[in-house]
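Subject: Structure handover

Hi,

Here is the structure I promised you. Please open it first, then read my notes below.

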Amino acid sequence: MDSIDKLLAELQAEYQQQSNEQPKQQPNTATPNIHQSSSKSASLIDILLEEVKTDFEEQDQAEKLRIQEELEKEKIKQEQIKAKQREALKQQAKDWLAKLDPFSPEGLWFERFAERYSSKLEAAIDYLQANE
């Protein structure tokens with residue numbers, strides 16, 4: 001048992017001696033390198049993060065622009081469709097007016113209806129559009 005206690009005491013003494021020597025050496029050599037390398041790493045990480053952020057912002061702006069352009073194209077397309085429908089309705093209104101007997105009940109009603117419009121054609125277009 002004495003031999004085990006003796007070995008443990010020697011190991012403990014060596015361990016304490018090594019632990020006392022290491023703290024003296026670490027601050028002189030390792031710490032500046034750690035701070036330097038950690039600050040370099042931090043600045044590189046910051047730069048990379050900034051680049052990624054910029055890339056995402058550029059992608060977001062490009063996506064917003066693309067969506068806006070698509071909406072504009074769709075709006076133009078819808079306006080063209082409405083214009084074609086209006087032209088077709090205008091032709092129908094002309095045909096309807098040509099066939100309308102002004103002395104029939106419908107013709108007399110239409111005369112009163114058309115008084116609120118700038119022209120009989122506009123009134124006929126609205127009337128036909130409402131009855132589609």
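Is Arg66 buried, partly exposed or exposed? Arg66 is partly exposed, because its relative accessible area is 37%. Buried would need under 20%, and exposed over 50%. One caution before the rest: this is a predicted model.

Overall layout

The protein chain has three helices and zero strands. Read from the N terminus, its elements run α-α-α. Helix α1 covers residues 2-99. Helix α2 covers 105-114, and helix α3 covers 120-130. The chain has 132 residues, and 11% of them count as buried.

Salt bridges

Side chains of opposite charge can pair when their charged atoms come close. The structure holds four salt bridges. I describe some of them here.

Start with Arg66 again. Glu63 forms a salt bridge with Arg66, and their closest N and O atoms are 2.4 Å apart. These two residues are three apart in helix α1, so about one helical turn separates them. Glu63 is partly exposed, because its relative accessible area is 36%.

Arg66 also meets Glu70 in a salt bridge, at 2.3 Å from N to O. Here the spacing is four residues in helix α1, so again about one helical turn lies between Glu70 and Arg66. With a relative accessible area of 43%, Glu70 is partly exposed.

Another salt bridge joins the side chains of Glu122 and Arg86, at 2.8 Å from N to O. This pair links distant parts of the chain. Glu122 sits in helix α3 and Arg86 in helix α1, 36 residues apart. Glu122 counts as partly exposed, because its relative accessibility is 28%. Arg86 is partly exposed too, with a relative accessible area of 33%.

The nonpolar core

The largest nonpolar core has twelve residues in all. Its members are Leu89, Ala93, Trp96, Leu100, Phe110, Phe113, Ala114, Ala123, Ala124, Ile125, Tyr127 and Leu128. The elements that give two or more residues to this core are α1, α2 and α3. Which of them gives the largest share? That is α3, with five residues.

Leu89 is located in helix α1. Its relative accessibility is 5%, so Leu89 counts as buried; the cut-off for buried is under 20%. Leu89 and Ala124 are 35 residues apart along the chain. Their C-alpha atoms are separated by 9.1 Å. Both residues belong to the largest nonpolar core.

Asp126 is partly exposed, because its relative accessible area is 29%. Along the chain, Asp126 and Lys90 are 36 residues apart. The separation between their C-alpha atoms is 9.6 Å.

Surface patches

Which residues form the negative surface patch? The patch is made of Asp46, Glu50, Glu51, Asp55, Glu57, Glu58 and Asp60. One of its members, Glu51, lies in helix α1. Glu51 counts as partly exposed, because its relative accessibility is 45%.

There is also a nonpolar surface patch of about 310 Å². Ile4, Leu8 and Leu11 make up this patch. Ile4 lies in helix α1. At 49% relative accessibility, Ile4 counts as partly exposed. The reason is the cut-off: exposed means over 50%.

- Begin at Arg66, and look at its salt bridges with Glu63 and Glu70.
- Go on to Arg86 in helix α1 and its partner Glu122 in helix α3.
- Then find Leu89, a buried residue of the largest nonpolar core.
- Finish with the patches: the negative one that includes Glu51, and the nonpolar one that includes Ile4.

Best wishes

Conventions:
Residues numbered from 1 in each chain as written. Predicted model: local features only at pLDDT ≥ 70, side-chain atom pairs only at ≥ 80, totals over all residues. Heavy atoms only, no water. Patch = residues over 30% accessible without salt bridge, like charges linked within 9 Å, V, L, I, M, F, W, Y side chains within 5 Å. Areas by Shrake-Rupley, 256 points an atom, 1.4 Å probe, with all protein chains shown as cover. Lys, Arg positive; Asp, Glu negative; His and termini not counted. Charge placed at Lys NZ, Arg CZ, Asp CG, Glu CD. Buried < 20%, exposed > 50% of the residue type's maximum accessible area, 1.4 Å probe, protein only. Core = buried A, V, L, I, M, F, W, Y, C linked by side-chain atoms within 4.5 Å.
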